[in-house]
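Please open the model in a viewer and keep the sequence panel beside it.

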Amino acid sequence: MENHGFLQYAVVLLLATVLAVPLAKRWRLGAVLGYLAVGALIGPSGLRLIGNTEQISQISELGVVLMLFVIGLELSPQRLWVMRRSVFGSGSLQVVATATLIGGAALAFGLEWKTALVIGLGLALSSTAIDLQLLAERKELNSAHGRLAFAILLFQDVAAIPILALIPILGGSHADSGALQEAFAALRVIATIALVIVGGRYLLRPMFRAAAQQVGTPEVFTATALLVVMGIAWLMELSGISMSLGAFLAGVLLADSEYRHEIEAQIEPFRGLLLGLFFISVGMSLNVQLAMAQPQLVGWLLLALIVSKALVLYLVARVAAREDHQQSLALAAILAQGGEFAFVVFTLAAANGLVSTGQRDLAILVITLSMAATPLLVRLRSDIAPATKTKPTREFDKVDAAAPRVIIAGMGRVGQIVARMLNANRIAFTALESDPEQVDFMRHFGNTVFYGDASRLDLLRAAQADKAEIFVIATEDPDANLRTARLLKRHFPHLKVFARARNRQHVFKLMDLGVGSIVRETFFSSLEIARGVFEALGYDEAAAAEYVRRFRAHDERVLASQYPVYDDEAALLQTSQEAREDLVRLFEADFGDDEGP
């Protein structure tokens with residue numbers, strides 16, 4: 001009977017998602033609001049097609065965990081260090097100011113100071129899941145307000161740890177345990193984070209390297225990726241730390257890994273499905289009966305929450321982060337709701353006698369409604385006052401050219417020269433470019449260029465990559481370059497790939513993907529300049545050419561020797577020092593006592 005119940009739940013959830021989410025996106029409401037509406041419709045307060053919402057909620061939390069892990073993959077420790085001022089400056093200011101404002105209002109309405117403090121801290125948190133999903137949907141993660149929103153959300157995830165630790169103390173449940181137990185709990189948190197950092201640095205890469213060597217069994221790599229994320233999340237939960245924070249930390253540790261893009265590709269389908277399930281579970285938790293019983297109270301509380309948080313966020317962005325009016329409004333609209341972590345805060349507070357059951361239910365209802373209102377609020381803000389003055393989104397071109405012998409991705413400085421030489425020899429090729437202005441510029445001079453992202457599989461298939469012989473990756477963005485190379489090696493292994501590389505680290509990552517023909521974009525031009533310098537200094541043409549030839553051969557040998565250890569900084573420094581000494585000895589042996597022209 002339980003199996004029939006599970007299958008019924010699965011069918012209902014999938015059917016509701018398939019029907020409702022496309023409709024929501026068609027009406028420009030976004031997938032998040034579609035998921036929330038579906039949850040409210042099929043949950044206990046709606047059609048009651050699903051009764052046991054607690055188990056679904058627990059499983060769906062993995063969607064948030066996987067999302068934070070993928071975001072961590074995009075942030076190297078160096079980039080995270082650059083963000084420290086936004087994270088700990090703007091983030092801490094937002095949490096303290098919002099908690100003070102809302103807690104002060106609760107105190108003014110006659111609540112005890114402990115209750116007011118919990119309410120202020122709980123409502124200061126925003127929804128990481130909803131906000132990051134909306135920013136990703138709108139392609140605003142890299143905007144000024146998107147970066148600031150991420151920094152504030154990251155601090156909120158960190159702040160959730162001491163907030164949860166504070167609640168039992170305020171409730172008096174730890175009164176007998178004394179300071180020793182609290183100190184032990186703090187040490188356990190620090191030790192767990194240190195264990196994840198140290199273990200992640202020295203164990204994760206060997207694990208993924210071993211999984212990647214299992215040729216023909218890609219499911220092993222997928223299982224390894226899921227094991228790492230869920231294992232670290234479980235370890236964090238055992239220590240009383242946010243699971244999402246642990247997953248984010250694991251992602252950051254793998255951000256510089258050669259397997260980063262492959263891990264992201266394997267995780268993505270699970271992340272999207274489980275994240276959608278999380279939003280549905282939030283919708284199912286909506287207490288419609290309570291909202292109908294006290295509509296005015298719920299409405300005023302919802303308005304007060306959004307307005308107070310939006311006011312603080314606007315001032316933080318305007319004054320502390322020094323953003324302009326439009327970016328500040330955008331930040332206020334995206335983060336003005338309550339967060340999923342507040343559910344845990346108020347449930348724990350009720351268990352410790354800090355808030356009543358009625359206050360807990362009312363707070364959770366207002367938070368859920370604020371989550372549902374966020375997509376509408378963001379759309380309203382963008383319609384009234386766009387955060388950025390951008391051109392309307394342009395659809396990718398439909399590639400309708402005949403099957404080419406060569407495909408060129410990127411029509412910048414490098415791609416143009418390759419295209420001109422192929423064109424001069426009447427060799428059929430298809431050119432793809434992701435910058436619409438560059439596409440229009442090339443077309444102005446009579447060139448056939450298609451606007452599209454070469455790191456998308458559907459576009460590569462439309463360009464008939466399965467029938468081409470050679471693929472030239474000439475894109476300027478190293479990350480896009482690597483994504484394209486990965487797709488080519490996985491789906492079109494017959495292609496001979498020539499790739500442009502920005503630097504040595506880029507070369508190494510392309511080598512990890514199995515790309516054989518890699519050209520560093522400044523290497524040969526630098527050699528040509530050096531040859532000209534030697535000739536201008538009086539060296540004869542043959543000697544200058546010999547210097548260049550021997551340096552090129554030496555550098556390529558060094559590149560090959562550094563590849564196995566490029567992720568080991570100490571070994572890389574050692575090989576670089578040895579390479580410099582070998583180069584000096586090489587020239588001394590070749591030219592003896594000849595000191596000049």
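Among contacts in the protein between residues at least 6 apart in sequence, what percentage join residues at least 24 apart? The share is 75%, where contact means heavy atoms within 4.5 Å.

This is a predicted model, in which local features need pLDDT of at least 70 and side-chain atom pairs count only at pLDDT 80 or more, while totals for chains, interfaces and linings use all residues. Residues are numbered from 1 along each chain as its sequence is written, and side-chain values use heavy atoms, with hydrogens and water left out.

**The whole protein**

Begin with a cartoon view of the protein, which has 25 helices and six strands. Helices (H or I, at least four residues) and strands (E, at least two) are DSSP runs, numbered from the N terminus. Of the 597 residues, 45% are buried; buried means under 20% relative accessible area, exposed over 50%, and partly exposed in between (1.4 Å probe, protein chains only).

Select residues 341–351, which form helix 16. Its buried residues are F341, A342, F343, V345, F346, A349 and A350. After helix 16 comes G353, with a positive phi near 75°.

**A nonpolar patch at the surface**

Next select L101, L311, L315 and V319, a nonpolar patch on the surface with about 370 Å² of accessible area together. Helix 14 (residues 295–320) gives the patch its largest share, three residues. L315 is in helix 14 and is partly exposed, at 43% relative accessibility.

**Two arginines with positive phi**

Most residues other than glycine have a negative phi. Move to R322, in the loop between helix 14 and helix 15 (325–335), where phi is positive, near 60°. R322 is exposed, with 73% relative accessibility. Then select R426, in the loop between helix 18 (413–424) and strand 2 (429–433). Phi of R426 is also positive, near 55°, and R426 is exposed at 78% relative accessibility.

**Paired strands and a crossover**

Select strand 1 (residues 406–409) and strand 4 (residues 470–473), which pair in the parallel sense over four bridges; strands pair if DSSP finds at least two bridges between them. Strand 5 (residues 496–501) also pairs with strand 4 in the parallel sense, over four bridges. I470 of strand 4 stands opposite V406 and opposite K496 in strand 5. From strand 4 the chain passes through helix 21 (residues 478–491) to strand 5 in a right-handed β-α-β crossover. Right-handed means that, with the strands pointing away from the viewer, the path from the first strand over the helix to the second runs clockwise.

**H506**

Is H506 buried or exposed? H506, in helix 22 (residues 504–512), is buried, because its relative accessible area is 5%. Leaving aside neighbours within four places in sequence, H506 is in contact with P478, N481, L482, R500 and A501.

How values were computed:
Patch = residues over 30% accessible without salt bridge, like charges linked within 9 Å, V, L, I, M, F, W, Y side chains within 5 Å. Areas by Shrake-Rupley, 256 points an atom, 1.4 Å probe, with all protein chains shown as cover. Salt bridge = Lys/Arg side-chain N within 4 Å of Asp/Glu carboxyl O.
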